[in-house]
Amino acid sequence: MLAPVHIPVLVEEVIQGLAVQPGGRYVDCTLGGGGHALAILEHSSPGGQLLGIDADPDAIEVAKQRLAAYADSCLLINDNFVNLELICYKYDFLPVHGILFDLGLSSLQLNGRSRGFSFQHRAPLDMRLNPNQELTAADIVNTYSEAELAHLIKTYGEEGYSRQIARRIVQERPIKTTLELARTIEQATGRRRSKIHPATKTFQALRIAVNQELEHLESALKQAVDLLGFEGRLVVISYHSLEDRIVKQFMQREAKDCICPPGTPTCVCGHTASLRLLNRRVIVPSPAEVKTNPRSRSARLRVAERIISHDEHYNIVEKLCSTSEVKANGNGWRRATLLRKLRQVFAVS
Ligand SMILES: C[S@@+](CC[C@H](N)C(=O)[O-])C[C@H]1O[C@@H](n2cnc3c(N)ncnc32)[C@H](O)[C@@H]1O
């Protein structure tokens, strides 16, 4: 039986943002149900290539089915996007025309009754994207001190009742299931008149902490820029303010030629812009999209283009080729092959 489908968000805007073209090569760092990946493959056909990454092995299986018609054009990897650069080296997949991050969770994960991401289904407090990882939400909830819990819930959940929630959690421990935790949070916060369930922010905080989501995002964005070729595109969709702030600040910083503190008489940082911002105002779904897919309502899309000269483009590839990881890599990189590929991919004369 086919799993229920995750409806991809802002698909047309993603395709435009990535400037998908036939024969292009793209990385989807958050493959999920494969909806964006399918659209990318359709628009990059003939000759397009896609490298899809997801930390969740179940997502890879679902995407495999959805992308079956393009099996020869895509490579699906079960890994964390924090390893983006290594994955692209390993599979000779760079430089690329476009990289997509569609952050957060898919409907498959949120609706999955055993993963513990939702406070609407009874499940063990797990919340790991990758089931092989050790740390679970139950470990955090049942072993962190009250002060640590309050800090985590405030920082990653932006929850105003973080101290009350942390105190109640410590009183009620051990807490084993999502529903027990949701009830504990409701008791701590009292009945609030709010559009969102009182457990929403604490569940977000725990998920971010379990999967180190913000640290991994910061690291992967930096890696992504280095993998983009001439005028390559970076497209990121985020779903909450913590993620969006990281993306916005990263892109703004990378779009500047100097990042010295204000008032510095002459530039000492030596920083040069590596990105050009393509949307000054963040792109959000239309009311029609939100109506048909309510989960899209918090989506915010940002697009940037790699600034790089042809010479720099080649220099970067040469530098990448000479790193120890690449030399040690069993797949054996060959510079000549790579340069030939580069010429084909970017039609550089
Ligand atoms: C919103 S869904 C993506 C949906 C997808 N764009 C589609 O059209 O079906 C986000 C996906 O990213 C994955 N993910 C989140 N953080 C990740 C990370 N650090 N590394 C790899 N995958 C990650 C999740 O497992 C989830 O499947």
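**Figure 1. Helix H2 is mostly covered, with seven of its ten residues buried.** Helix H2 spans residues 35-44, and its buried members are Gly35, His36, Ala37, Ala39, Ile40, Leu41 and Ser44. Buried denotes under 20% relative accessible area, exposed over 50%, and partly exposed the range in between (1.4 Å probe, protein chains only). Helices (H or I, at least four residues) and strands (E, at least two) are DSSP runs numbered from the N terminus. The model is predicted: local features need pLDDT of at least 70, side-chain atom pairs count only at pLDDT 80 or more, and totals for chains, interfaces and linings use all residues. Residues are numbered from 1 along each chain as its sequence is written, and side-chain values use heavy atoms, with hydrogens and water left out.

**Figure 2. The ligand is surrounded by 23 residues.** The closest are His36, Asp54, Phe81, Asp102 and Gln109; a residue is near the ligand if one of its heavy atoms lies within 4 Å of it. By class, the shell comprises eight nonpolar, eleven polar and four charged residues, where Ala, Val, Leu, Ile, Met, Phe, Trp, Tyr, Cys and Pro count as nonpolar, Asp, Glu, Lys and Arg as charged, and the others, Gly among them, as polar.

Figure 3. On its own the ligand has 600 Å² of accessible area, of which the protein covers 97%; accessible areas come from the Shrake-Rupley method with a 1.4 Å probe, and for residues only the protein chains shown count as cover.

**Figure 4. Two aromatic pairs are found in the whole structure.** Rings of Phe, Tyr and Trp (its six-membered ring) pair if their centres lie within 6.5 Å; planes under 30 degrees apart count as stacked, over 60 as edge-to-face and the rest as tilted. Phe81 and Phe101 are edge-to-face, 5.1 Å centre to centre with 85° between the planes. Phe81 lies in the loop between strand E3 (74-78) and helix H4 (84-90) and Phe101 in strand E4 (residues 96-102), so this pair ties together parts that are 20 residues apart in sequence. Both Phe81 and Phe101 are buried. The ring centres of Phe119 and Phe203 are 5.4 Å apart and their planes meet at 80°, so this pair is also edge-to-face. Phe119, in the loop between helix H5 (107-111) and helix H6 (137-143), and Phe203, in helix H10 (residues 200-211), are 84 residues apart.

Figure 5. Pro46 is in the loop between H2 and strand E2 (49-54), whereas Pro95 belongs to the loop between H4 and E4. Asp92 is found in the loop between H4 and E4 and has a positive phi of about 55° although it is not a glycine.

**Figure 6. The side chain of Asn211 reaches the backbone nitrogen of Leu129 at 2.9 Å.** Asn211 lies in helix H10 and is buried, with 5% relative accessibility.

How values were computed
Polar contact = N/O pair within 3.5 Å; in protein donor to acceptor, adjacent residues only side chain to side chain.
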